[in-house]
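The following report describes how the parts of a multi-chain model are arranged and how they meet. Please keep the sequence and the coordinates at hand while reading.

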Amino acid sequence: MYAGIDAGASATKVVITNDKEEIVSYAIVPSGINFKVSSEEALKKALEKSSLTPKDILYTVSTGYGRALVNARATSSEITCISRGIHKLFPSARTIVDVGGQDSKAIRIDENGRVLDFAMNDKCAAGTGRFLEVMATILGKPIGELGKLHFKSSNPVKISSTCTVFAESEVISHLSKGCKIEDVIAGLHNAIAERIFNMASRIGFEKDVAFTGGVTKNPGFVEALSKRIGLKPILPPEPQIICAFGAALTAIKKST
Amino acid sequence: MSGEKGRSRILQTTKKIGELILEYFAKASEAKAQGKPVAWITVFTPVELLRALDIYPVAPEHFSAMCSARGFILDFLEESERKGYSQNLCSYSRCTLGYALSGMSGLMPPPDLLVTFRNSCDVYVKWWQSLQMHLGTPLFIGEAPYVLAAEDLDNYVLDYVVKQLESLIRLAEEKFGLKYDEEKLVEAVKLSDKASELWLETLKLRRCKPCPLGGRDSASDIFPLVVMQGTMEAVQFYEELLEEVKEKASRGEGVIENEKYRLLFDGIWLWYAFDLIKYFEDKGAVFVYEPYSEAWACRLDASKPLESVARKVLSMGLNVDIDLRIERFLKSIKEFNINGAVLFSNRSCKTWSAPQLITAEAISGEFNVPYLLFEADMADPRQYSEAQIKNRIDAFLEVLGES
Amino acid sequence: MEIPINISNLCENQVKQLNKYKDSGVKVLGYTCSYVPEELIISAELQPYRISNIGANTSTLTPSFICPFASATLENILKLEEFFSGFVLAHTCDPMWRLYDIVKKKTKKPVFLLRVPHNTEDPSSLDFFRMELSRFKKFLAENFGAKVDRDGLSDAIKLCNENRSLLKEVYMLNSGGKYSVDASDRFKLVLASMWMPKKECNAQIKALSLKRSSNKTGDVRLHINGTTVYDLNLIKTIEDSGGFVASDDLCTGSRYFWSNVEESQDLISALAYRYLKRTPCPSHGPLQQRLEYIDFMVKEFKARGVITFAERFCDPILYDSVHVKDAFAKEGIPTMLVDYENPAQEIGRIKTRIEAFIESIGG
């Protein structure tokens with residue numbers, strides 16, 4: 001068995017695969033402040049799910065923000081891991097848009113899953129999960145409900161600020177004017193979609209486009225981004241673990 | 001104009017600017033249709049010389065300001081950003097590049113020549129280079145060295161600029177089979193000088209209390225000085241404007257009735273937010289002086305046309321030593337009876353914003369005039385936090401009220 | 001290649017070197033830009049010292065959106081004022097130009113602005129630049145009693161030429177795909193050349209054993225594009241991620257030493273020619289000349305990718321990066337832009353990008 005650990009800023013994900021590159025089990029835990037702790041916890045959970053022991057793991061690769069702090073044989077960049085993971089599951093994919101807790105990326109790959117080009121937004125909260133977290137707090141809604149509410153919107157508001165701090169003021173202003181909460185939510189989804197679209201446009205959209213990352217579990221956001229790109233995306237059933245899966249595939253590759 | 005929340009107080013003559021702009025662009029397209037070369041210029045390029053060469057100048061900076069004011073700049077900004085131009089770059093340049101990358105089918109016709117004189121900023125050079133890379137149009141880059149002392153307007157620095165103007169003439173003659181006509185330059189210089197004279201006289205009338213011409217007017221009124229220098233239409237506009245302002249001044253009629261504060265504005269206007277000017281005016285504050293408004297008004301000597309134009313290129317706006325610039329400020333504070341200064345820290349204009357604190361220190365130090373410094377962008381409406389800025393304005397006006 | 005400890009330490013502690021000068025009564029003239037001819041400073045019997053952003057935070061005197069390199073350089077000028085007899089700034093890009101406005105108001109030391117024409121091709125630009133260098137010579141005479149005579153200037157030119165030739169020799173060891181010298185090491189030699197007395201520096205470089213090969217053989221060969229890179233952790237990050245910096249077009253790299261001054265009848269003209277006509281800084285034109293230079297480097301040193309290091313808000317690099325990307329895309333060579341405000345604080349994020357880039361090339 002092989003393990004991939006994605007030590008992300010918000011959540012740590014572990015995927016265990018067999019030597020046939022099939023996913024055997026996985027686990028997601030919040031990263032907290034200690035990647036060593038969260039990665040061990042996630043690994044433990046994943047092992048338990050598949051009734052394995054640590055000795056069954058032949059090779060581990062870590063990736064993500066905290067990859068250097070985690071117990072692994074080797075590290076690999078998220079760009080490479082996400083590409084490997086998507087390519088394995090969806091070989092027709094040529095563009096990947098990844099929207100995570102604290103950054104978003106766009107990657108173009110070739111027919112062999114090799115990275116051709118990439119763009120990242122890792123300096124600014126707008127265009128990441130953090131943006132929605134902040135806004136959800138202001139709206140008084142749990143993040144998980146945003147997707148549902150999006151589809152109730154008939155008249156999305158326009159959020160013009162590209163900065164999270166300024167956008168906060170805008171949201172408060174809209175709410176105090178009596179705008180419906182679902183219209184504000186749709187407006188927010190459109191705003192992040194716009195930002196991500198602009199970042200990703202630099203590398204171009206080649207079909208098929210796949211979405212990954214925790215934020216793409218939000219169907220409202222997915223709708224906004226798909227509309228903006230103008231393409232129907234591939235949506236992995238578990239978008240949050242693609243990167244860790246790719247790390248596990250890297251582990252297989254490195255052990256041969 | 002769309003994008004303005006609530007109409008600002010505006011002079012009758014100023015209302016004609018909209019029409020003037022459209023006519024100007026229409027003529028540009030006409031010229032192009034007739035096979036005359038159209039040049040995209042940076043705004044401190046000597047327009048008078050281009051008239052003598054029968055080249056029609058249009059200014060993408062002005063075009064970008066207009067796009068911003070009329071609410072359709074976003075598409076162009078996004079187009080350039082998709083190409084890879086960073087949002088941290090000058091918004092005028094992003095608008096122009098986006099326009100160039102998306103077919104140029106709007107008001108501003110595509111260029112046959114790209115001309116820049118590096119006097120206001122170095123970004124001009126990079127921006128015009130980038131345009132050339134995308135369009136393949138012939139490019140002329142003129143250097144106008146930073147004027148460190150008054151003698152630079154008469155020594156080898158001036159000679160250098162004159163030589164470059166001669167280079168530009170040679171280029172135009174070679175590339176377009178044009179013939180430089182010195183008589184045409186003399187004519188253009190005379191008209192340009194006249195227009196500047198009229199505008200400077202008009203600006204002097206802002207010393208009156210109440211001030212008859214405010215920020216909203218000066219923002220638009222400078223347009224003919226920027227690209228229409230050397231035309232009769234420009235002179236006629238300023239004649240009319242001077243008449244109207246003289247009349248208002250003689251009747252003691254100001255922009256607002258209850259003028260409490262006379263302010264200086266340092267920077268380029270926020271083109272998408274003219275309502276800010278109204279916000280000030282509604283609270284009794286009028287803008288009576290802006291270095292931006294006099295930047296293009298330059299007296300010329302028709303007896304030495306090329307040399308005179310070279311001197312103009314050197315001495316405009318931000319191209320003179322900071323001590324000389326501060327001197328102008330302090331003089332104006334006295335002459336215009338200014339009791340407050342608003343400084344706009346413009347993300348798009350680093351050449352202006354970088355040393356602004358030094359200017360602010362001089363204003364508050366030597367003349368004890370309170371100032372407000374706020375940050376935004378001149379043309380990109382996404383980099384503007386209305387609520388925060390209005391908050392600061394309120395606080396500033398309260399300070400003025402107490403002093 | 002074993003770098004002498006005194007050169008290695010220069011990067012860590014500028015103040016130590018500056019104190020050395022102060023204690024031994026050496027008059028130091030601070031300069032910011034490689035367009036300033038060190039030869040003139042040396043012939044005026046002053047020690048040239050290139051001021052940068054090392055060890056300084058951005059200054060509160062400039063807005064947040066001004067190039068952090070320029071802002072931190074300003075901070076250094078004001079912080080380390082006591083060590084310098086005067087400052088020479090050059091009009092290269094907007095923030096460095098405006099630094100002059102601020103510095104002259106904030107320091108009592110003599111300050112000179114060297115106006116470098118942005119259109120380097122025009123013949124009248126060369127004439128003008130020659131006049132500027134004469135003006136600089138006058139400044140040195142008036143403020144430091146320095147008499148720059150022909151012999152003194154000729155000696156200084158020979159000394160600087162020797163330094164440049166030595167640096168180029170070291171640089172060329174990696175040409176044609178060889179892995180001879182680690183970039184971290186050779187950059188230290190360039191920095192030393194800008195901070196140490198040249199004679200001493202030249203002697204130390206001459207004494208280096210250049211036979212040893214780098215142990216990074218097989219790593220992905222890269223070209224670094226940009227203006228100044230003083231924080232060598234950026235280079236180290238590449239080296240730690242499986243990359244080998246084979247070549248560069250930096251102002252603190254190859255552009256500093258690539259061409260020599262050819263002595264002619266009029267030495268000031270000779271200086272003007274060399275400094276203006278060499279491969280220009282991104283802030284100057286023509287763009288085509290620089291793209292050709294980068295292309296030459298990439299091919300000569302067999303680089304498989306180009307990384308552009310840029311200060312956040314660096315206008316010249318940000319405009320250029322679009323064209324660098326286009327030009328190399330045509331040749332199938334991947335490019336990547338990495339921008340930062342404070343590399344030390346952002347090294348995690350920078351490492352991620354560099355690793356991803358190297359992995360995508362290396363396969």
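Helix 2 of chain A packs against helix 15 (residues 343-362) of chain C at an angle of about 50°, and the two axes are 7 Å apart; here axes are lines fitted to C-alpha atoms, for helices over the stretch in contact, and angles run from 0 to 180 degrees between N-to-C directions. Helix 2 of chain A is therefore oblique to helix 15 of chain C, given that angles under 35 degrees count as roughly parallel, over 145 as roughly antiparallel, 65 to 115 as roughly perpendicular and the rest as oblique. The residues that make this contact are E78(A), I79(A) and T80(A) on helix 2 of chain A, together with T352(C), A356(C), E359(C) and S360(C) on helix 15 of chain C. By class, the contact of these two helices consists of 2 nonpolar, 3 polar and 2 charged residues.

This is a predicted model, in which local features need pLDDT of at least 70 and side-chain atom pairs count only at pLDDT 80 or more, whereas totals for chains, interfaces and linings use all residues. Residues are numbered from 1 along each chain as its sequence is written, and chains are lettered from A and ligands numbered from 1 in the order in which they are written.

Two residues are in contact if their C-beta atoms, placed from the backbone, lie within 7 Å. Helices (H or I, at least four residues) and strands (E, at least two) are DSSP runs, numbered from the N terminus. Ala, Val, Leu, Ile, Met, Phe, Trp, Tyr, Cys and Pro count as nonpolar, Asp, Glu, Lys and Arg as charged, and the others, Gly among them, as polar.

**Contacts between chains**

The contact of chain C with chain A takes 9 residues from chain C and 11 residues from chain A, and the side of chain C that touches chain A divides into 2 nonpolar, 3 polar and 4 charged residues.

Where chain B meets chain C, the contact takes 38 residues from chain B and 37 residues from chain C. On the side of chain B, at least two residues each are supplied by helix 6 (123-135), strand 4 (139-143), helix 7 (156-176), helix 16 (350-353) and helix 17 (356-366) of chain B, and the largest share, 7 residues, comes from helix 6 of chain B. This side of chain B has 18 nonpolar, 11 polar and 9 charged residues.

V322(C), found in helix 14 (residues 315-330) of chain C, is in contact with K83(B), G84(B), Y85(B) and S130(B), leaving aside its neighbours within four places in sequence. V322(C) is buried because 20 other C-beta atoms lie within 10 Å; a residue is buried if 20 or more other C-beta atoms lie within 10 Å of its own, exposed if 12 or fewer, and partly exposed in between.

**Domains within chains**

Domain bounds come from an automatic or database domain assignment.

| Chain | Domain 1 | Domain 2 | Separation of centres |
|---|---|---|---|
| Chain A | 1-90 + 240-256 | 92-235 | 26 Å |
| Chain B | 14-181 | 184-402 | 22 Å |
| Chain C | 5-148 | 151-261 + 279-362 | 22 Å |

In chain A, the contact between the domains takes 14 residues from domain 1 and 21 residues from domain 2. Helix 2 (residues 78-89) of chain A gives the most to the side of domain 1 that touches domain 2, with 7 residues, and that side divides into 7 nonpolar, 6 polar and 1 charged.

In chain B, 44 residues from domain 1 and 40 residues from domain 2 form the contact, and the side of domain 1 that touches domain 2 has 33 nonpolar, 7 polar and 4 charged residues.

In chain C, the contact takes 29 residues from domain 1 and 37 residues from domain 2; the side of domain 1 that touches domain 2 divides into 13 nonpolar, 11 polar and 5 charged.

Helix 12 (residues 267-277) of chain C has L267(C), I268(C), A270(C), L271(C), A272(C), Y275(C) and L276(C) buried, and these buried residues pack against helix 3 (38-43), helix 6 (123-144) and helix 7 (150-172) of chain C.

**Confidence**

Chain B averages a pLDDT of 94, with 98% of the residues scoring at least 70, where pLDDT is the predictor's confidence in each residue, from 0 to 100. Over residues 1-5 of chain B, however, the pLDDT is below 50, and this stretch has 11 contacts in the model beyond near neighbours in sequence. Where pLDDT is low, the predicted coordinates should not be read in detail.
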